[in-house]
Amino acid sequence: MGLNNILYDLRIEQGLSQKQLAEAIGVSQSTIAKIEVNRNEATASTVRKLAKYFQVSADYLLGLEDEFGTETADGTERTAAPGTDERELLKHYRSLSPSFKKLAVHTLRAWADDCAADKNST
């Protein structure tokens, strides 16, 4: 999957119009539209702005790694999407403020530690 599809998916997941995204990152709506229909390639500057806005890596946007930072098999396509639950969790995590992201990570680590302790006690 290319940048055009990845960008479209991220934008739709966030409930943004092309115009809203364009305004948020300081480009024109036609720039977003042309990238999404694969008419124009994004500039390095636009990729950087998109990565920062969506809090993903440029490699993810370019299809060089999957949602979890794992390098794709051939460097041109993403690996199979993670399970629906993982994808939904990632979507919700990305929508959190930095303080809530920190709280979510802390809570998940505590739960994981509790699960590990339960396994070790049996």
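Colleague: By its relative accessibility, does Asn38 count as buried or exposed?

Modeller: This is a predicted model, in which local features need pLDDT of at least 70 and side-chain atom pairs count only at pLDDT 80 or more, whereas totals for chains, interfaces and linings use all residues. Residues are numbered from 1 along each chain as its sequence is written, and side-chain values use heavy atoms, with hydrogens and water left out. Asn38 lies in the loop between H3 and helix H4 (44–54), and the classes are buried for under 20% relative accessible area, exposed for over 50% and partly exposed in between, with a 1.4 Å probe and protein chains only. Because Asn38 has 54% relative accessibility, the class that applies is exposed.

Colleague: Which pattern does the protein chain follow along the sequence?

Modeller: Helices (H or I, at least four residues) and strands (E, at least two) are taken as DSSP runs numbered from the N terminus. On that basis the protein chain has 7 helices and 0 strands, and read along the sequence its pattern is α-α-α-α-α-α-α.

Colleague: How much of the accessible surface of the protein chain belongs to carbon and sulfur atoms?

Modeller: Of the 122 residues in the protein chain, 29% are buried. Accessible areas come from the Shrake-Rupley method with a 1.4 Å probe, and for residues only the protein chains shown count as cover. The surface comes to about 8,200 Å², and the share belonging to carbon and sulfur atoms is 53%.

Colleague: How are H1 and H3 oriented to each other?

Modeller: Axes are lines fitted to C-alpha atoms, for helices over the stretch in contact, and angles between N-to-C directions run from 0 to 180 degrees; under 35 degrees counts as roughly parallel, over 145 as roughly antiparallel, 65 to 115 as roughly perpendicular, and the rest as oblique. The axes of helix H1 (residues 3–13) and helix H3 (residues 29–36) come within 7 Å and cross at roughly 120°. The two helices are therefore oblique.

Colleague: What is the handedness of the crossing of H2 and H3?

Modeller: Helix H2 (residues 18–25) packs against H3 at an angle of about 115°, with their axes 8 Å apart. A crossing is left-handed if the near helix is turned anticlockwise from the far one by less than a right angle, and right-handed if clockwise. For H2 and H3 the crossing is right-handed.

Colleague: How many charged residues does the contact of H2 with H4 have?

Modeller: The axes of H2 and H4 come within 10 Å and cross at roughly 100°, so the two helices are roughly perpendicular. Leu21, Ala24 and Ile25 in H2 meet Thr46, Lys49, Leu50, Tyr53 and Phe54 in H4. Ala, Val, Leu, Ile, Met, Phe, Trp, Tyr, Cys and Pro count as nonpolar, Asp, Glu, Lys and Arg as charged, and the others, Gly among them, as polar. By these classes the contact of H2 with H4 has 6 nonpolar residues and 1 polar, while the number of charged residues is 1.

Colleague: How far is the C-alpha atom of Leu10 from that of Lys91?

Modeller: Leu10 is found in helix H1 and is buried, with a relative accessible area of 3%. Not counting residues up to four places away in sequence, Leu10 touches Phe54, Val56, Tyr60, Leu61 and Arg94. Lys91 is 81 residues from Leu10 along the chain, and their C-alpha atoms are separated by 9.1 Å.

Colleague: What is the relative accessibility of Arg11?

Modeller: Arg11, which lies in helix H1, is in contact with Leu16, Ser17, Gln18, Leu21, Ile32, Glu36 and Phe54, leaving aside its neighbours within four places in sequence. Arg11 counts as buried because its relative accessibility is 8%.

Key: Contact = heavy atoms within 4.5 Å.
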